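Hi,

Here is the structure I promised to pass on. Have a look at it first, and then read my notes below.

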Amino acid sequence: MAKKDEKSHKKSPLIGIDIGGTGIKGGIVDLKKGKLLGERFRVATPQPATPEAVAEVVAQVVAELSSRPEAPDAKSPVGVTFPGIIQHGVVHSAANVDKSWLNTDIDALLTARLGRPVEVINDADAAGLAEARYGAGAGVDGTVLVITLGTGIGSAFIFNGNLVPNAELGHLEIDGFDAETKASAVARERDGLSWEQYSVLLQRYFSHVEFLFSPELFIVGGGISKRADEYLPNLKLRTPIVPAELKNEAGIVGAAVEIAVKHKLTK
């Protein structure tokens, strides 16, 4: 009977929460399909976004999701993303939220507030993990690098479907510059570059990353991935490079996947 319960538990959905600078979003994730069951629920990020204020909103989002018929068991773990470096559950950077987050044990804070196990990972890592498992990287063994081109350059390093956390590949130094200061989507707009000119910078960046890591696949995310046909065909790499497939749900899905892996509720 215990084995049957364990198997059915492994098939259960989990709650994923995505903490952002402007909104805190959550959803109930079907781990088989990597999709949300029902609509996602969003509440504006409190200002100032202090640890205590954010914890209250996370609790509010979890309570709403837990009230739904399709909600998982009330004691099931919750996965959460955070826009900063997370190591052993502790926040080590906080660019888009209140500076009081620095050195906060966010795992302990949210576990105490929700009364159920919580584990937090970086938001880019979560989105990348979801993309590699259910999106463009599904079924690809070896190293998959998910690179997001936006305000900066975000990255997620996935190996055989598992996350190698906190890879900050946007901060590689290329030609004496922090890569994201020249090759991010915002840098293209700031410098008024044509897609052809921008492609030259992306070529330099991706060639360097390819040389360092020899990945099996590059996945390009961020809002600019919608215009992938403007620049990806211009890049000459050994490695296949494709646009991301998952959209705004990627962080929520990735948060649920990561905690499911940590608690051995999925492979």
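Which residue in strand 11 does Phe 157 stand opposite? That would be Val 164. Before going further, bear in mind that this is a predicted model.

Strand 9 covers residues 143-149 and runs antiparallel to strand 10, with seven bridges joining the two. They make a hairpin, and three residues sit between them.

Strand 10 also runs antiparallel to strand 11 (residues 162-164), this time with three bridges. As for strand 10 itself (residues 153-159), six of its seven residues are buried, so call it mostly covered.

Now for some loops. Asn 103 is in the one between strand 7 (90-91) and helix 3 (106-114). Its phi is positive, near 70°, although Asn 103 is not a glycine. Asn 103 counts as exposed because its relative accessibility is 61%, and the cut-off for that is over 50%.

Asp 175 also has a positive phi without being glycine, near 55°. You'll find Asp 175 in the loop between strand 12 (173-174) and strand 13 (177-178). With 55% relative accessibility, Asp 175 counts as exposed.

One last thing to look up: the peptide bond between Gln 47 and Pro 48 is cis, with omega about 0°. Pro 48 belongs to the loop between strand 4 (41-44) and helix 2 (51-66).

Cheers

Conventions. Residues numbered from 1 in each chain as written. Predicted model: local features only at pLDDT ≥ 70, side-chain atom pairs only at ≥ 80, totals over all residues. Heavy atoms only, no water. Buried < 20%, exposed > 50% of the residue type's maximum accessible area, 1.4 Å probe, protein only. Helix = DSSP H or I, 4+ residues; strand = E, 2+ residues; numbered from the N terminus. Pairing = 2+ DSSP bridges.
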